[in-house]
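Colleague: I would like a close look at one part of this model, with the cut-off behind each term given once. Please begin from the surface and then work through the rest in one connected account.

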Amino acid sequence: MVDEKLIEETEKWLIQHDIIDVEVMVSDFAGISRGKVTPRAKFIEGLRTGGHRVPDSLFALTINCDFIANDYITALEEDLLLQPDLDTLQILPWPDTPTACVICDVYKESGEPAHNSPRQVLRKVLSLYHEKGWQPVVAPEFEFFLLARQEKIESDPIPPRGRSGKMSMDKGVLSLDALDEFSPMFDQVYDCCDEMNIQVDTLTHEAGPAQFEVNVYHGDPLNVADQSFNFKRLLKQVAIRHGMFASFMAQPYPDQYGSAMHIHQSVVNISDGKNIFADDDGTDTEIFHAHIAGLQKYIPSLMPLLAPYANSYLRIGSGMSSPANLHWGRENRSVGLRVPSGGRAARRVENRIAGADVNPYLAIAASLLAGYLGMVENLTPTEALNESAYDVDSQRLPLHFLSSLNQFRESEVLKDILHDEFISTYVDVKEEEYSANYSMLSPWEIRYLLTNV
């Protein structure tokens with residue numbers, strides 16, 4: 001139950017901002033916001049009575065809107081309790097009706113946290129760090145494509161036209177002209193981010209046509225994941241209002257650069273706030289190397305959380321700024337695990353494996369969990385790589401979705417930490433998506449197999 005004083009303060013805030021409706025939402029496995037819109041008075045009543053609920057089948061939903069069933073999620077569709085985290089209460093900038101939104105934690109009737117909730121998965125990983133007196137710090141970088149609006153998308157995506165009226169073609173990395181083409185949209189994105197307290201900074205043009213990157217400020221992983229969850233939705237909404245789609249698909253153009261979500265991560269001591277990845281003189285600590293070794297050892301088993309669709313693997317190992325393996329190196333963007341330059345406070349590792357198509361809660365949880373396991377197991381990494389990693393055969397990543405799902409399903413370590421309910425349900429959802437994907441003929445099959453064999 002929420003403290004009565006906090007409920008009264010929340011009601012006063014909603015009235016002060018003339019809020020009529022409140023979106024009570026959670027993230028599904030795909031990172032899509034799910035939940036209900038409720039009138040202000042009903043929202044406050046639900047805080048007092050615990051009346052905000054969703055069926056557990058919400059976490060059995062595939063990206064193509066089918067449902068799976070297993071030993072944990074049955075045809076009963078039992079209720080889960082939503083506990084709004086009032087620290088996440090924000091005003092939505094785009095609805096015509098004054099509307100706020102709030103992200104919820106999810107619990108079972110017994111009071112046990114719902115294992116399938118992505119936010120709960122991240123909370124569980126963070127609790128492991130806190131038990132050791134550690135506080136992780138993360139900063140994600142999101143790449144995405146802007147696409148032309150198409151009433152029915154059945155062919156290759158089309159780059160949009162900028163304000164000059166010309167179709168946006170590949171202008172190369174860091175093109176200021178490409179940014180200028182879409183400045184009206186990005187101005188609104190920044191305004192909306194300010195309204196929703198989403199702390200984003202540098203905007204850059206990436207290598208593909210109308211491909212861009214936005215960085216979220218570093219901070220507490222749960223808060224950063226909440227901001228990232230809201231940002232992906234916000235960007236899509238603003239793009240629609242400017243006559244475009246925004247896509248976080250990992251590889252929308254097979255012959256172009258893909259989109260990643262690079263995760264910068266470090267760890268500080270809760271007691272003194274100092275980065276434990278480097279000594280005072282800037283020398284790497286053993287625990288930093290153990291963290292990297294954990295990423296090397298456990299990312300292959302966690303790949304379904306970092307590359308969640310068959311399309312995700314078209315990006316892996318493409319050689320276009322996308323790593324194929326888990327080598328690490330300093331200021332080396334060809335490796336999967338890059339250590340940027342900087343002193344003690346800035347010592348961190350950049351996980352370059354995750355695609356932009358991830359659920360931010362699950363990707364951040366996976367990356368931090370791998371590093372944590374390396375730290376507690378006192379693992380040793382390979383030697384830092386000082387050459388291009390694109391053609392190096394060691395430390396290879398899984399190159400197929402099904403092989404990564406098998407590793408994820410069979411890992412007893414992951415089951416012990418993340419719970420068999422989450423592992424099993426996530427795998428079941430992903431296998432259903434894979435089956436739906438491959439039950440349809442691809443353009444390649446139609447062109448080369450249909451009339452030739």
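Colleague: Which residues make the nonpolar surface patch of about 450 Å²?

Modeller: The patch of about 450 Å² is made by Trp 444, Tyr 448, Leu 449 and Val 453. Before going further, note that this is a predicted model, in which local features need pLDDT of at least 70 and side-chain atom pairs count only at pLDDT 80 or more, while totals for chains, interfaces and linings use all residues. Residues are numbered from 1 along each chain as its sequence is written, and side-chain values use heavy atoms, with hydrogens and water left out.

A patch takes residues with over 30% relative accessible area and no salt bridge, joining like charges within 9 Å and nonpolar side chains (Val, Leu, Ile, Met, Phe, Trp, Tyr) within 5 Å; a salt bridge is a side-chain nitrogen of Lys or Arg within 4 Å of a carboxyl oxygen of Asp or Glu. Areas are Shrake-Rupley values with a 1.4 Å probe, and for residues only the protein chains shown count as cover. Tyr 448 is partly exposed, at a relative accessible area of 37%, on a scale where buried is under 20%, exposed is over 50% and partly exposed is in between.

Helix 2 (residues 40-49) has a buried set consisting of Phe 43, Ile 44, Gly 46 and Leu 47. These residues lie on the same side of helix 2 because they cover an arc of only 155° around the axis, the arc being taken from the directions from the helix axis to the C-beta atoms. Ala 41 and Thr 49, on the other side of helix 2, are exposed. The cover over the buried residues of helix 2 includes helix 1 (4-16), strand 1 (21-27), strand 2 (33-39), strand 4 and strand 6. After helix 2 comes Gly 50, with a positive phi near 70°.

Two loop residues remain for comparison. Thr 285, in the loop between strand 11 (261-269) and helix 7 (286-306), is buried at a relative accessible area of 12%. Leaving aside residues up to four places away in sequence, Thr 285 touches Ile 276, Phe 277, Ala 278 and Asp 279, contact meaning heavy atoms within 4.5 Å. Gly 355, in the loop between strand 14 (349-351) and helix 9, counts as buried at 2% relative accessibility, and with the corresponding exclusion of residues up to four places away, Gly 355 touches Ser 259, Ala 260, Met 261, Leu 306 and Arg 315.

Technical notes. Helix = DSSP H or I, 4+ residues; strand = E, 2+ residues; numbered from the N terminus. Buried < 20%, exposed > 50% of the residue type's maximum accessible area, 1.4 Å probe, protein only.
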